[in-house]
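Okay, thanks for coming, everyone. I've got one structure to walk you through today, so let me put it up.

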Amino acid sequence: MNTTLRKSILGIAGLTAAAGLAAGPLNHTVAEPTPGTPIAVVQADKPDTSKLLPHGTPSNQSTIELNDEQIANTKAIIAATKKAGMDERAAVVSIATALQESKLENLGHLGDRNDHDSQGLFQQRPSSGWGTVEQITDPEYSTLAFLKGLKQVDGWQDMPLTQAAQTVQVSAYPDHYAQWEQQAADLVAEHWNS
């Protein structure tokens with residue numbers, strides 16, 4: 001394409017864009033809300049609560065105060081969830097699971113208090129094939145391993161969180177994951193886009 005023709009096309013495109021702006025938001029009127037009518041505030045930077053808690057919030061929720069390490073582990077779980085190409089709900093399931101298993105602390109071997117050889121955020125076991133100690137104590141690796149298991153659960157997206165988590169984790173206390181669902185959803189809402 002010759003230079004004159006290209007400049008003409010770009011000039012027309014620029015005029016069209018400018019005209020569109022002038023005809024769009026600059027001349028657009030907004031209806032004033034009726035007094036007493038609540039105004040819905042949508043924060044585009046926050047995930048939709050209905051996606052985070054599709055079954056509502058279970059009763060008997062627990063919550064803990066998080067330190068810098070636990071927040072860093074939360075962010076690592078969210079980053080790994082995005083890397084796996086999974087959505088905010090997968091992050092909620094992952095964080096709730098890690099809250100139950102380790103309180104979001106990257107646990108090493110706990111000696112006599114250890115559940116067999118369970119370690120890391122998800123208390124995964126090298127002897128059960130989750131990976132080496134070095135791998136399962138790496139927040140990204142352990143999250144990706146958990147999510148790989150979650151992807152293999154047919155219909156996990158439609159299950160209550162505790163059922164989806166239990167199918168992957170095979171815990172002796174399968175109902176305990178549900179108590180962390182609200183805090184996990186709050187953490188995902190806060191950190192998904194940070």
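Predicted model: local features only at pLDDT ≥ 70, side-chain atom pairs only at ≥ 80, totals over all residues.

Quick housekeeping. Residues are numbered from 1 along each chain as its sequence is written, and side-chain values use heavy atoms, with hydrogens and water left out.

The protein chain has eight helices and zero strands; helices here are DSSP runs of H or I with at least four residues, strands are E runs of at least two, and numbering goes from the N terminus. Of the 194 residues in the chain, 37% are buried. By buried I mean under 20% relative accessible area, with exposed being over 50% and partly exposed in between, using a 1.4 Å probe and protein chains only.

Now contacts, meaning heavy atoms within 4.5 Å. If you take the contacts with a separation of 6 or more, 62% are between residues 24 or more positions apart.

On to the core. A nonpolar core is a set of buried Ala, Val, Leu, Ile, Met, Phe, Trp, Tyr and Cys residues joined through side-chain atoms within 4.5 Å. The largest one here has 39 residues, and I95, L104, L150 and W156 touch the most other members. Helices giving two or more residues to this core are α3 (68-83), α4 (88-102), α6 (139-151), α7 (161-169) and α8 (181-191). The top contributor is α4, with eight residues. Take a look at I95: leaving out residues up to four places away in sequence, I95 touches T74, I77, I78, L104, A184, L187 and V188.

One is E140 with K83, with the closest N and O atoms 2.7 Å apart. E140 sits in helix α6 and K83 in helix α3, so this pair ties together parts 57 residues apart in sequence. E140 is partly exposed, at 35% relative accessibility, and K83 is exposed, at 56%.

Then there's E181 with R89, at 2.8 Å, N to O. That pair links helix α8, which holds E181, to helix α4, which holds R89, 92 residues apart. Here E181 and R89 are both buried.

That's my tour; over to you.

Conventions
Salt bridge = Lys/Arg side-chain N within 4 Å of Asp/Glu carboxyl O.
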